[in-house]
Protein chains: 2
Amino acid sequence: MHTEAPTPLYLQLADRIEEMISHGMFRPGDRIPSVRTTSTQHQVSVSTVLQAYTLLEDRRLIEARPKSGYYVRSPHTAYASTLQTPAVSRRIPPAKSLSRFAPLMELVHDVVNPDFVRMGGAHPSPEVLPGRKLSRLMASLARQQNFSTISCDPAPGCQRFRTELSRRSLDWGCYLPPDDFVVTNGATEALYLALSAVAKPGETVIIESPTHYGVLNIMSQLGLKALAVPASPREGLDLQATRTVLQRQRVSAIVVVPNFCNPLGSCMPEVNRAALVQMAAEHEVPIIEDDVYGDLHFEGERPRCLKALDRTGSVLLCGSFSKTLAPGYRVGYISAGNFQDRVIQTKTAMNFCNAPLMALTVAEFLRNGGYEHHLRSLRRTFREQLILMREALAQAMPQRVKITDPQGGFVLWVELPQQVDALALFHEARKRHISIAPGHLFCPAGEYRHHMRISCGHLWSDRVGEAVKTLGQLVHAAL
Amino acid sequence: MHTEAPTPLYLQLADRIEEMISHGMFRPGDRIPSVRTTSTQHQVSVSTVLQAYTLLEDRRLIEARPKSGYYVRSPHTAYASTLQTPAVSRRIPPAKSLSRFAPLMELVHDVVNPDFVRMGGAHPSPEVLPGRKLSRLMASLARQQNFSTISCDPAPGCQRFRTELSRRSLDWGCYLPPDDFVVTNGATEALYLALSAVAKPGETVIIESPTHYGVLNIMSQLGLKALAVPASPREGLDLQATRTVLQRQRVSAIVVVPNFCNPLGSCMPEVNRAALVQMAAEHEVPIIEDDVYGDLHFEGERPRCLKALDRTGSVLLCGSFSKTLAPGYRVGYISAGNFQDRVIQTKTAMNFCNAPLMALTVAEFLRNGGYEHHLRSLRRTFREQLILMREALAQAMPQRVKITDPQGGFVLWVELPQQVDALALFHEARKRHISIAPGHLFCPAGEYRHHMRISCGHLWSDRVGEAVKTLGQLVHAAL
């Protein structure tokens, strides 16, 4: 170190470490040397190192993890940091009927078609899931518990699974006893049951804009109106806008994905969570919380659920193991608070119960299968996948394109140049066996016509790389 | 034979055969000797034997089966033959809202509780089902097709299962290609999807009176009104009354169980089926056909489906393998004709898809598991169960009690003396760990307050016998 140089020591140190990161000596997720080690290695004081590390944190290059040290963050491209969020205007649109909203069935089928490069649906690839282990557990359970696995297990459903959920609820920041849960056919059915319980046809529900089309499909089926409140990739649902809406008009519920929301990837700040729960309670509006991505955080602790802040029984928590274990097992759950009885009645009427064996298998995996170990590897995989995909998209697309930088989950939200019609792009890409999710599916009135969601649930390969290049060519051609 | 006696020969022969049947030499379901054999054995002419057999048919002791011969019918007790049917009055009630109709959750849970004598729910006992074979097939499929069983298989769902359904549809009197089916979470979900597709909240649907509470639960959830048209244990839905209703008012659908309807056990005559399908087509009213008991006929050929007579695509056929293979697998189907796209959309929105492994396992069983062999034994079992239960009820209950005599399925409908409140009986029986289904659950306005449905799905045992005696004592005590 040049102790005589005009540049302060901590700045020189910071620049040097930034250089090491940019040259790949430290890669995203790596722990950098401790303050004490760096102090010794570079012969500077501990406080100088601390100043340098603080600066690198401000530059969003590294981050501190409590009791663990400093780690290299994933790269933020210029695209992400300049991403304009739709929330800026804070314009509150009128509630819209979803009577014309329908599932895009080509998309539904392409995302499970192995002939396609599948970036359209938010499904994890079977290659990253513990399929063999699940199959073994299932075979053994079916053999041992033959009678109970061919018999019905009416709602609330599989006791052992609900017991495991109860244990896991401690990680969500609360304790929910087993009887607070109802087993559902995936989180989709949980959301369907939640919306059925709190809203009647014709009533209005607040959703995030953009939000995933699963929710919009359900609301269309149930004859509900959607009031799409702006959300940002950094903080999720705009609380100021939500407050304004609640003051102005009667709504039956707020549907929100606080943890790595689909498609934006936002993680709602803790302070916003408390404010939202309180605001909803004041207006006596139930919150439907979709937490399917909560286990897929890249850093630190698992984010809490809104349910952990619920004091009035008016948060309906929905989740599943479709993003982390087996989408095809269709094992989801709802903890519906005050609406529990109504949810059980609807579930009983609708399809009586789920196949008990699937929930039993997931329960066994949660208990003895090494779920936490699996999650650690899955989070690493998805994080890498997102990094690779962002880089590839940044290279293939025009410079104006903006891409989110989520800290959990496995989807990216891409804002294309305004001239690009994402639905036309979807159809062009389809002809080339590439599946993407066009933006107009993510809101009731088709606002996001030049946006697309890219799922990174399937493993990166040359084929995926080629597909991204092709997408880039199609976008360039549309300009 | 006394050729000189004043009694005609054919009458002597008929009496003698009746005696043999009553002494158990020929048992229900047995084939009796052919006309030619009997002619030789008794040294009478072929025409005398034919006259005797015709008489025995009139006495409802035997029945002719085309190209097969004559068979002993199941016994009809005095109770059954005098059963007054609720259809006699032909009174057509006004449509009723089902907003207050809710599942009787105690019943739902008691019927899967092994501590109970379970005569309440229409579930077959695991003891009569091929659970081990299914588990083995499933384990092998999960191992071989690991990736596809943990992945989603969106609606219409499992191709192999739909192919097997298509093959089986030949037995139903029609040919439905695989793409005409959607896989559902049991027949309950099929009915939910069917009713969602054809009727909006507030609209009116014709149902049979009595009908099973599954349908009423669904209609309550969907906000539909029920117009309960009388049905009889012999012929099912009263066609004259149905015609009158259709002429008078607009209805959105007719829900009917033509094959061994639950709870009456009726099998709709072929001529009525044709008339009903034609009548509905003339009035442009879709028919929702629930065929879960079709494979459980005791005699002759499998009865056809209404769908076989459908020329306009307006019959929505619903079924499952919950009554014959595994209730807990939740493998059902719908073939929705003109409403197919709408059903797929709703299914996709509601819970995206079913666990593919369950349908795959049923498909494999249908293809290579010996389903027909299993059905033959299951039909025999249920027939014997019904005979034992009818006898036990007849002994235990007051003489005025009337009991149906179904020729398929495994439920009995029992009319108790008018003073008996079946809901009170349900609660009294519950205290003694006996589960029955009280009659008021089988209609929208609670008409059948002194009726109950008794399921014979669980194997006869001394414990069941004791429970029936206890029920009898409770009924006597209520007089």
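The model is a predicted one, so to speak of local features takes pLDDT of at least 70 and side-chain atom pairs count only at pLDDT 80 or more, whereas totals for chains, interfaces and linings use all residues. Residues are numbered from 1 along each chain as its sequence is written, chains are lettered from A and ligands numbered from 1 in the order in which they are written, and side-chain values use heavy atoms, leaving out hydrogens and water.

On to the partners of β17(B). Strand β14 of chain B (residues 411-415) pairs with β17(B) in the antiparallel sense over five bridges, and B:Leu412 sits opposite B:Ile454. Strand β16 of chain B (residues 437-438) also runs antiparallel to β17(B), over two bridges, with B:Pro438 opposite B:Met452. Pairing here asks for at least two bridges found by DSSP between two strands; the elements themselves are DSSP runs numbered from the N terminus, helices being H or I of at least four residues and strands E of at least two.

In chain A, an open sheet of four strands has the order β13-β14-β17-β16, with antiparallel pairing. Its edges are β13 (402-403) and β16 (437-438) of chain A, each pairing on one side only. β13(A) joins β14(A), residues 411-415, through two antiparallel bridges, and A:Lys402 stands opposite A:Glu415. Helix α15 of chain A (residues 371-396) packs on this sheet, touching β13, β14 and β17 (451-455) of chain A, and its direction makes about 20° with that of β14(A). Contact means heavy atoms within 4.5 Å; axes are lines fitted to C-alpha atoms, for helices over the stretch in contact, and angles run from 0 to 180 degrees between N-to-C directions.

Back in chain B, helix α8 (residues 159-168) buries B:Phe161, B:Arg162, B:Glu164, B:Leu165, B:Ser166 and B:Arg168. Among the elements covering these residues are β5 (182-185), β12 (331-335), α14 (356-368) and α15 (371-396) of chain B.

Helices α11 (residues 239-248) and α12 (residues 270-282) of chain B have axes that come within 11 Å and cross at roughly 5°. B:Leu239, B:Thr242, B:Arg243 and B:Leu246 of α11(B) meet B:Asn272, B:Ala275, B:Leu276 and B:Met279 of α12(B). By class, that makes five nonpolar, two polar and one charged, where Ala, Val, Leu, Ile, Met, Phe, Trp, Tyr, Cys and Pro count as nonpolar, Asp, Glu, Lys and Arg as charged, and the others, Gly among them, as polar.

As for the two copies, chain B can be laid on chain A with an RMSD of 0.5 Å by a turn of 179° and a shift of 0.0 Å along the axis, superposing by least squares on C-alpha atoms of residues with pLDDT of at least 70 in both. That is the relation of a two-fold axis. Of the residues of chain B, B:Ala139 comes closest to the rotation axis, its C-alpha lying at 2.3 Å. Both copies use the same surface, as 100% of the contact residues of chain B recur in chain A.

Notes. Buried < 20%, exposed > 50% of the residue type's maximum accessible area, 1.4 Å probe, protein only.
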